[in-house]
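Subject: Structure for you to look at

Dear colleague,

Here is the structure I said I would pass on. My notes on what turned up in it follow below.

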Amino acid sequence: LPTIDITPGDKPLLDRIASAVEAVNSDARTKREPLVSVILPIYNASETISTAIHSLFAQTWRSLEIIAVNDASTDDTSDVLRHLHRSCPRDISFRIVDQPENLGAYAARNAGLAVARGNLITTHDSDDWSHPSKLSLQVAALEGGAGVACISFWSRVTPELVCHRWRLEDEGWVHRNLSSLMFRRDVVDRLGFWDEVRVNADSEYLARIEAAYGDAAVENVEPGLPLAFGRASELSLSQHDETHLSTQFEGVRARYMSAARRWHERAKATGDFYLTPGGGSRPFPAPREFVRAEPD
């Protein structure tokens, strides 16, 4: 893979990673089909969004549409996004979608999905960094395989690039990156949108794909190789007591996924896996902690 470097400066190391696309072989940068839409839900991320989006500007896959969904941020996120829009490379499409009110990350994803033009669709968190080859490797996996979706891997790091374990059930430093899930347009036509809960909707959507298309529907891309760094934050909902990752074993996350999988089993008989945006038509119960209206 193309190497990376650290630029001088006072910012945290994670925000000083240099991934210069100019250093990549020019053949790898040729603009090709299919178009990939990358949806970024953003809320009060003025300090980190430049790192995420600059890592997308540096992708070797150039047939790229970046959809930045500003979820009614109250900080300087809007100004930063406008600056990034002006500096976007000319061969990449950059679109800003402004939410009228803060509705949470999955509602923001759905707003981006509603306007996405790509043949392939993926998401990206507003405080993470992706290696220049990440999207190219995922596109290659879908072009060369029979699956309808693929997922790559990441490491969770502090802003100073100290890796740590965060998945209680996994060993080592490298884990599946649920926000890297890339899927074909046909998946959207059949399954619809993300559930607009506060947490865990990425796990539900992945499980819905596997229920609708079979266990072989999702391909793992370069297992064990971290193609992204996920910024560790104590403010993350995955670290909150009531929605902590540990509740996936016994607690609110486990109850949510159990209810979702019961719906998936019913849907296998009817063929109706479609979920409309808005959360009002959810065909299974969600815990109170998941639907409470407060900023994500």
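The second largest pocket of this predicted model has a volume of about 420 Å³. Its lining is made up of 19 residues, and those nearest the centre are Asp15, Arg16, Ile17, Thr51 and His54. Two elements, β2 (17-18) and α1 (49-57), each give two or more residues to that lining. The largest contribution is from α1, with four residues. Sorted by class, the lining of this pocket holds seven nonpolar, seven polar and five charged residues.

The largest nonpolar core has 42 residues, and the members that touch the most others are Leu181, Phe183, Tyr205, Ile209 and Val218. At least two residues of this core come from each of β4 (64-70), α3 (105-115), β8 (149-151), α5 (185-191), α6 (201-213) and α7 (252-270).

Last, the cysteines. The structure has zero disulfides. Cys88 has a relative accessible area of 14%, and because buried means under 20%, Cys88 counts as buried. Cys150 is buried too, at 0% relative accessibility.

Regards

Notes: Residues are numbered from 1 along each chain as its sequence is written. This is a predicted model: local features need pLDDT of at least 70, side-chain atom pairs count only at pLDDT 80 or more; totals for chains, interfaces and linings use all residues. Side-chain values use heavy atoms; hydrogens and water are left out. A disulfide is a pair of cysteine sulfur atoms within 2.5 Å. Buried means under 20% relative accessible area, exposed over 50%, partly exposed in between (1.4 Å probe, protein chains only). On a 1 Å grid over the protein atoms alone, a cavity is a set of points where a 1.4 Å probe fits but cannot get out, and a pocket is an open set with protein on both sides within 12 Å along at least five of seven lines; lining residues have an atom within 4 Å of a point. Grid points are joined across faces, edges and corners, and a volume is the space filled by probe spheres set on the points. Ala, Val, Leu, Ile, Met, Phe, Trp, Tyr, Cys and Pro count as nonpolar, Asp, Glu, Lys and Arg as charged, and the others, Gly among them, as polar. A nonpolar core is a set of buried Ala, Val, Leu, Ile, Met, Phe, Trp, Tyr and Cys residues joined through side-chain atoms within 4.5 Å.
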